[in-house]
Amino acid sequence: QVQPVESGGGLVQPGGSLRLSCTASGHTFSFYVMGWYRQAPGKQRELVATIAPFGNTNYADSVKGRFTISRDNAKNTAYLQMNSLKPEDTAVYYCCFGGTLYNPTDAYWGQGTQVTVSS
């Protein structure tokens, strides 16, 4: 079964940084959109950032200028560099491979990694 696996979550103080990674085996995702979504307690899952196979990106307004999504097609891996973290960034972060830049239709989902921003 193909399933992306996230890593890199954890506890960080406000203003700090974290880098999330997501990789998958068993399938080549070079021509898939790769993306990061998040879900905070009591809220719906929301798009954070997505990246197309050749580099076009889409970011939520709330993370523009602070988060950067990138990918390494040779490694089937997506990254999310998160800087200037805020308490409201606290959520479970999910990666997904597939869908579009704006919608994760029929995507492969990871199981999520917790990011907690707190002093």
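**Exercise 1.** Is Tyr37 buried or exposed in this predicted model?

*Solution.* Step 1: take the relative accessible area of Tyr37, which is 4%. Step 2: compare this value with the cut-off, since buried means under 20%. Step 3: Tyr37 is therefore buried.

**Exercise 2.** Classify the ring pair formed by Tyr37 and Trp109, and state which parts of the chain the pair ties together.

*Solution.* Step 1: the structure holds five aromatic pairs. Step 2: in the pair of Tyr37 and Trp109, the ring centres are 5.2 Å apart and the planes stand at 65°. Step 3: planes over 60 degrees apart count as edge-to-face, so this pair is edge-to-face. Step 4: Tyr37 belongs to strand 4 (residues 34-39) and Trp109 to strand 10 (residues 108-109), so the pair ties together parts that are 72 residues apart in sequence. Step 5: Trp109 has 26% relative accessibility and counts as partly exposed.

**Exercise 3.** Find the rings over which Arg45 lies.

*Solution.* Step 1: the charged end of Arg45 sits over the ring of Tyr94, 3.8 Å from the centre of that ring. Step 2: Arg45 also lies over the face of Trp109, at 4.6 Å from the ring centre.

**Exercise 4.** Describe the surroundings of Thr77.

*Solution.* Step 1: locate Thr77 in strand 8 (residues 77-82). Step 2: with a relative accessible area of 7%, Thr77 is buried. Step 3: the side chain of Thr77 makes a polar contact of 3.1 Å with the side chain of Thr23 and reaches the backbone oxygen of Lys75 at 2.8 Å. Step 4: leaving aside neighbours within four places in sequence, the residues in contact with Thr77 include Cys22, Met34 and Asp72.

Definitions and conventions. Residues are numbered from 1 along each chain as its sequence is written. This is a predicted model: local features need pLDDT of at least 70, side-chain atom pairs count only at pLDDT 80 or more; totals for chains, interfaces and linings use all residues. Side-chain values use heavy atoms; hydrogens and water are left out. Rings of Phe, Tyr and Trp (its six-membered ring) pair if their centres lie within 6.5 Å; planes under 30 degrees apart count as stacked, over 60 as edge-to-face and the rest as tilted. Helices (H or I, at least four residues) and strands (E, at least two) are DSSP runs, numbered from the N terminus. Buried means under 20% relative accessible area, exposed over 50%, partly exposed in between (1.4 Å probe, protein chains only). A charge sits over a ring if NZ of Lys or CZ of Arg is within 6 Å of the ring centre and within 35 degrees of the ring normal. A polar contact is a pair of N or O atoms within 3.5 Å; within protein, one must be able to donate a hydrogen and the other to accept it, and residues adjacent in sequence count only if both atoms are side-chain atoms. Contact means heavy atoms within 4.5 Å.
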